[in-house]
Amino acid sequence: MFLASAAFAQQLLPGTLASAPVLEAEGSSSASNPTSSSPFNPTSSSSSDARGPITAQERINWVVKGTIGPESVAGELFGAGWDTLFDRPKIYGPHWEGYGERVGMSVAGNAVSNTVEAGLGAIWGEDPRFYRDPESPFGHRLGHVVKMTFMAQNRDGQVMPAYARFIAIPGSNFLSNAWRAPGDDSAGNAAVRTGLGFLGRMGNNTFDEFWPDFKRKIFHRGNTSSAALLPH
């Protein structure tokens, strides 16, 4: 339902990439002035990654990647393993069956949260994606990671509170009480999972912000070492 609403809202509401050709055909200032101050202009002086308004397909891709993408699956497997190691909650047990149940609960809750965030956000133009700030100092980038855990960009590229996220993460965790085992379906446990959900989003932002730089340095160093071994 929410994925359908995302696609529907993207078609009806302005500010999507689909409307760009119409604006250019009408001779808008954006078409005649490529150096416009639009936050989505790739020639803008902003240090954030240049990216256009999110489309309906990109919302769906974001949900899929955030649910069963490599990073998300790795986090869910690790989290379930950690809880199994310490047998939390005890109702599932410290064995492989309990591990599988914990993984299933994590994936299901994550799917609901991402779908609700993407679907509701489409109604008022909230972009769930994280935007890097690679040209800023390290301390500023850390602050950017924390800030964008609770904020998002709208259709115009302006930062706004992530209202859909504030609904999706708590809502999915309290909703998941309906299918959780007794002892794991309390309001207190749902509140704890909500906090962990925001911490998890902060961790994902940290990875997205710094991993490209780390990967570039690793591969660059590897290429340099390989080149040094070649005969001249």
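Analyst: The account below begins with one arginine and then moves to its surroundings.

This is a predicted model, in which local features need pLDDT of at least 70 and side-chain atom pairs count only at pLDDT 80 or more, while totals for chains, interfaces and linings use all residues. Residues are numbered from 1 along each chain as its sequence is written, and side-chain values use heavy atoms, with hydrogens and water left out.

Arg 102 is found in helix 6, residues 96-124; helices are DSSP runs of H or I with at least four residues, numbered from the N terminus. Arg 102 has a relative accessible area of 6% and is therefore buried; buried means under 20%, exposed over 50% and partly exposed in between, with a 1.4 Å probe and protein chains only.

The side chain of Arg 102 reaches the backbone oxygen of Gly 93 at 2.8 Å. Arg 102 also forms a salt bridge with Asp 87, whose closest N and O atoms are 3.3 Å apart; a salt bridge is a side-chain nitrogen of Lys or Arg within 4 Å of a carboxyl oxygen of Asp or Glu. Because Asp 87 lies in the loop between helix 5 (70-85) and helix 6, whereas Arg 102 lies in helix 6, the pair ties together parts that are 15 residues apart in sequence. Asp 87 and Arg 102 are both buried.

Neighbours within four places in sequence set aside, the contacts of Arg 102 (heavy atoms within 4.5 Å) include Ala 80, Asp 83, Arg 88 and Tyr 92. Two of these contacts, Asp 83 and Arg 88, meet through their side chains in a salt bridge of 3.7 Å, N to O. Asp 83 has 28% relative accessibility, so it counts as partly exposed. Arg 88 is likewise partly exposed, because its relative accessible area is 43%.

The expected span is 1.5 Å times one less than the number of residues, so the 29 residues of helix 6 should span 42 Å; the end C-alpha atoms are 43 Å apart, which agrees. Just after helix 6, Gly 125 takes a positive phi of about 80°.

In summary, Arg 102 is a buried residue that has a salt bridge to Asp 87 and reaches the backbone oxygen of Gly 93 with its side chain.

Technical notes. Helix = DSSP H or I, 4+ residues; strand = E, 2+ residues; numbered from the N terminus. Polar contact = N/O pair within 3.5 Å; in protein donor to acceptor, adjacent residues only side chain to side chain.
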